[in-house]
Amino acid sequence: MTLLGFLVLIAVAAIRLRDLFAVVMLFGVYSLLTAALFMNLDAVDVAFTEAAVGAGVSTVLMLSGLHLTSRWEQRPKRSPLLPLLVVGVTGAVLVHAMLDAPFVGDPQAPVQTHVTPYYIANAPVEVGMPNMVTAVLASYRGYDTFGETVVIFTAGLAVMLLLGIQQGTHNRPGLNAIGDQLVLRSVVKLLVPAILLYALYVQFHGDFGAGGGFQAGVIFATGFVLYDLAFGEGDARTVVPPGWLHRLAALGVLIYGGVGVYALLAGKPFLDYSALSADPVAGQHLGVLLVELGVGITVFAVILTIFYAFSGRGRRA
Amino acid sequence: MSDLPGIYNYLIVVFLMMAGFYVVISQGNLVKKLVGLGLFQTSVFILYISMGNVIGGAAPIVAEGVTVYSSPLPHVLILTAIVVGVATTAVGLSLAVRIHEAYGTVEEDDITAQDRADDETVGTSSTKDAAANATSTEDAR
């Protein structure tokens with residue numbers, strides 16, 4: 001209840017502020033609060049993703065976007081009356097529609113009575129993993145997830161086409177976003193290995209606990225982003241050269257698609273993992289592991305591509 | 001969320017959604033518009049996750065002694081949507097960066113003003129060109 005109240009406060013403040021730096025920081029706080037809210041609503045995997053993406057990566061991206069544009073927003077010249085009217089009418093219609101909605105948490109709501117009982121009863125048995133979110137994500141709804149991985153890949157390509165990535169390494173020690181800060185450097189040095197290790201844990205433990213390829217890819221990329229921010233520009237590029245990234249992004253999609261095609265060749269439907277092994281449950285397990293690996297590689301490569309593109313642009317300007 | 005909030009969550013969702021919508025249609029700054037889209041997007045996430053919740057339920061990970069789980073399906077949809085969201089926001093931001101490089105501003109009004117000024121300086125010649133094109137196509141017929 002309080003969390004939702006805070007969200008409203010932040011939204012109002014974000015509309016009124018003209019300092020975009022403050023708006024972006026507030027939006028980061030907003031994302032972190034949303035993650036806490038998801039935790040309260042039993043959506044641990046989603047909370048995890050929101051905390052890594054919303055509060056971490058997207059704040060860094062928005063800030064580097066601001067750095068390349070401008071920090072202050074102009075005062076609007078037009079009257080806000082017409083937009084307010086449009087928003088008011090649309091909001092009233094939506095509220096009217098919401099009055100008929102089933103209460104939050106109602107066990108008889110349509111969401112809870114159609115496919116949900118099937119997934120809850122059968123996912124642990126058929127796919128053989130305790131985390132139903134991973135089972136539904138990678139196995140039952142593998143088509144959707146494949147599509148989403150391709151969308152992420154395409155978005156990475158679009159950013160590459162729009163901004164371009166500087167090839168090669170530009171190692172200029174001391175030239176970084178925060179200056180030569182000994183304390184920050186020491187802390188980052190300690191944190192980066194822990195972050196990378198944690199990302200691997202999230203990747204391969206996703207069948208049993210909260211986690212999976214999407215979260216792991218983002219967290220793994222965050223490690224490199226942090227390293228690049230704290231140390232000289234281009235240091236991260238020495239470890240993961242930009243030229244590898246588009247190949248990695250494509251490799252992830254290929255792994256995912258390859259599993260599907262393998263199932264087809266084995267005479268089963270596309271992405272039916274039971275083709276991977278004589279025992280259907282073991283096949284499902286292997287399939288989910290491979291597919292999540294593909295997702296993780298693509299997400300990691302795309303997030304890092306986007307970061308390289310923005311930071312490289314800043315240096316050229 | 002033990003005490004039932006009824007449709008309280010949904011009302012907040014509508015408010016946040018409209019806040020994002022308002023930013024998108026009323027403010028001229030392209031980066032601010034992207035933040036508005038983010039607000040809108042997050043409100044949809046909250047809507048889905050609220051719908052998937054069930055009273056007395058647990059997170060959808062099998063545990064001993066738990067019989068009621070929240071629906072995993074909305075979680076799956078939103079989890080992927082969050083990552084897709086950040087990727088598409090990055091595409092929007094890079095468009096804004098390119099626009100800033102070309103026009104020196106990300107304010108919609110200034111961009112339109114510059115476009116209009118460009119149109120006026122080349123306006124006379126381009127109308128002539130258009131007229132010439134029109135006559136040549138007529139000739140071709």
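Q: How much area do domain 1 of chain A and domain 2 of chain A bury between them?
A: The model is predicted, and local features need pLDDT of at least 70, side-chain atom pairs count only at pLDDT 80 or more, and totals for chains, interfaces and linings use all residues. Residues are numbered from 1 along each chain as its sequence is written, chains are lettered from A and ligands numbered from 1 in the order in which they are written, and side-chain values use heavy atoms, with hydrogens and water left out. Buried area is the accessible area (1.4 Å probe) that two parts lose on being put together, summed over both. Carbon and sulfur atoms give 81% of what the two domains of chain A bury, and the total is about 1,200 Å².

Q: How far apart do the C-alpha centres of domain 1 of chain A and domain 2 of chain A lie?
A: The domain bounds, which come from an automatic or database domain assignment, are 1-72 for domain 1 and 105-317 for domain 2 of chain A. Twelve residues from domain 1 and 17 residues from domain 2 of chain A take part in the contact, where contact means heavy atoms within 4.5 Å. Between the C-alpha centres of these two domains the separation is 21 Å.

Q: Which residues in domain 1 of chain A lose the most area to domain 2 of chain A?
A: Three residues together account for 44% of what the domain 1 side of chain A buries against domain 2. These residues are A:Asp45, A:Phe48 and A:Leu68.

Q: What is the area buried between chain B and chain A?
A: The contact of these chains takes 80 residues of chain B and 94 residues of chain A. Carbon and sulfur atoms give 77% of the buried area, which comes to about 7,900 Å².

Q: Which residues lie nearest the centre of the largest cavity?
A: A cavity is a set of points on a 1 Å grid over the protein atoms alone where a 1.4 Å probe fits but cannot get out, and lining residues have an atom within 4 Å of a point. The structure holds five cavities of 30 Å³ or more, and the largest has a volume of about 100 Å³, a volume being the space filled by probe spheres set on the points. Of its 14 lining residues, those nearest the centre are A:Arg75, A:Pro76, B:Gly28, B:Glu107 and B:Asp109.

Methods: On a 1 Å grid over the protein atoms alone, a cavity is a set of points where a 1.4 Å probe fits but cannot get out, and a pocket is an open set with protein on both sides within 12 Å along at least five of seven lines; lining residues have an atom within 4 Å of a point.
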